[in-house]
Amino acid sequence: MTGFPKPEPRAKTQARKAREDATRARAFREAVWMRCGPWCSRCGCSVSHPGDGDGLQWGHVHHIRPRSLSQREKFDPANGILLCASCHAGVHAGTVTLP
């Protein structure tokens, strides 16, 4: 029989985990959006959901506790906050603190 070789079980597992993580990350972002509404949680400016095309700056979902420090909280909506692009950049630069 000819054709493509079967993928290794480990590679198949890694691909499945990546798909599951992407689904959980999407649900995390949506839950944070639903909780925070269309406003930056730090400065209160209006933000847009990516793809809305309404001219507002996009909102960014930010992990309060870094994902690298807590796998348990990685997809927990309570660990997320909605920020405008300016506040999000400031948080990562260390010039802005979260509420």
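**Reading the model**

Tutor: Start with Glu73, which is buried, at 19% relative accessible area. Buried means under 20% relative accessible area, exposed means over 50%, and partly exposed lies in between, with a 1.4 Å probe and protein chains only. Two ground rules come next. This is a predicted model, where local features need pLDDT of at least 70, side-chain atom pairs count only at pLDDT 80 or more, and totals for chains, interfaces and linings use all residues. Residues are numbered from 1 along each chain as its sequence is written, and side-chain values use heavy atoms, leaving out hydrogens and water.

Student: Which side chain meets that of Glu73 in a salt bridge?

Tutor: First, the idea. Side chains of opposite charge can pair when their charged atoms come close. The rule here asks for a side-chain nitrogen of Lys or Arg within 4 Å of a carboxyl oxygen of Asp or Glu. Glu73 pairs with Arg65, at 3.2 Å from N to O. Arg65 is partly exposed, at 39% relative accessibility.

Student: How many salt bridges does the rule give?

Tutor: Two. Asp21 and Lys17 form one of them, at 2.9 Å from N to O. They sit four residues apart in helix H1 (residues 9-36), so about one helical turn separates them. Lys17 is partly exposed, at 47% relative accessibility.

Student: Which residues have the most contacts inside the largest nonpolar core?

Tutor: A nonpolar core is a set of buried Ala, Val, Leu, Ile, Met, Phe, Trp, Tyr and Cys residues joined through side-chain atoms within 4.5 Å. The largest has 16 residues, and Val32, Val61, Leu82 and Leu83 have the most contacts inside it. H1, strand E2 (80-84) and helix H2 (85-93) each supply at least two residues. H1 gives the largest share, five residues.

Student: What does Leu82 touch?

Tutor: Contact means heavy atoms within 4.5 Å. Leaving aside residues up to four places away in sequence, Leu82 touches residues including Val32, Trp33, Cys36, Val47 and Val61.

Student: How much of the whole chain is buried?

Tutor: Buried residues make up 29% of the 99 residues.
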